[in-house]
Amino acid sequence: QVQLVESGGGLVEPGGSLRLSCAASGSIFSIYGLRWYRQAPGKQRELVASITSGGKTHYADSVKGRFTISRDNAKNTVYLQMNGLKPEDTAVYYCNALYMGDDYRYDYWGQGTQVTVSS
């Protein structure tokens, strides 16, 4: 079992920065693939960024070059550094931990943190 708690959301002006954190407890953090998703009002949840247990990263085209995902296994924490924020980045951001194989799947979600980009 993994518990995930996000923090770091808030209100920021366009062009500003925020760093989201997601702290995990309860299991072997380093084996999990970690992801940040977001969901804006009236829209489907979308994958923003991911990082594998080996540190390989992937980004949605809409955030590439502006967002950076990283993980600190010693602190059981995954981060999302968001720079150059735009109003369209406004959403609830969720972290996700996934560990799966041919016959097992461990999939955990945090409660979400609100990010609002507005002047």
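Modeller: Of the 119 residues in the chain, 42% are buried, where buried means under 20% relative accessible area, exposed means over 50% and partly exposed lies in between, with a 1.4 Å probe and protein chains only. This is a predicted model, in which local features need pLDDT of at least 70 and side-chain atom pairs count only at pLDDT 80 or more, while totals for chains, interfaces and linings use all residues. Residues are numbered from 1 along each chain as its sequence is written, and side-chain values use heavy atoms, with hydrogens and water left out.

Along its principal axes, the C-alpha trace spans about 45 × 30 × 25 Å. Among contacts with a separation of 6 or more, 54% come from residues 24 or more positions apart, a contact meaning heavy atoms within 4.5 Å.

Now to the part you asked about. A search of the whole structure finds one disulfide, defined as a pair of cysteine sulfur atoms within 2.5 Å. Such a link is a covalent bond between the sulfur atoms of two cysteines. Here the partners are Cys 22 and Cys 95, with their sulfur atoms 1.9 Å apart. Cys 22 belongs to strand β3 (residues 18–25) and Cys 95 to strand β9 (residues 91–101), so the pair ties together parts that are 73 residues apart in sequence. Both Cys 22 and Cys 95 are buried. The torsion about their S-S bond is about 40 degrees, so the disulfide is right-handed.

Some loop residues complete the picture. Gly 16 sits in the loop between β2 (10–12) and β3, and with a relative accessible area of 18% this glycine is buried. Leaving aside residues up to four places away in sequence, Gly 16 touches Met 82, Asn 83, Gly 84 and Leu 85. Thr 52, by comparison, is in the loop between β5 (46–51) and β6 (57–59) and counts as partly exposed at 36% relative accessibility. With the residues up to four places away again not counted, Thr 52 touches Tyr 32, Gly 33 and Arg 71. From Thr 52 to Asn 96, which is 44 residues apart in sequence, the distance in space is 12 Å, C-alpha to C-alpha.

Asn 76 deserves attention for its backbone. Most residues other than glycine have a negative phi. Asn 76, although not a glycine, has a positive phi of about 55 degrees. Asn 76 lies in the loop between β7 (67–72) and β8 (77–82), where this asparagine is partly exposed, with a relative accessible area of 22%.

Key: Helix = DSSP H or I, 4+ residues; strand = E, 2+ residues; numbered from the N terminus.
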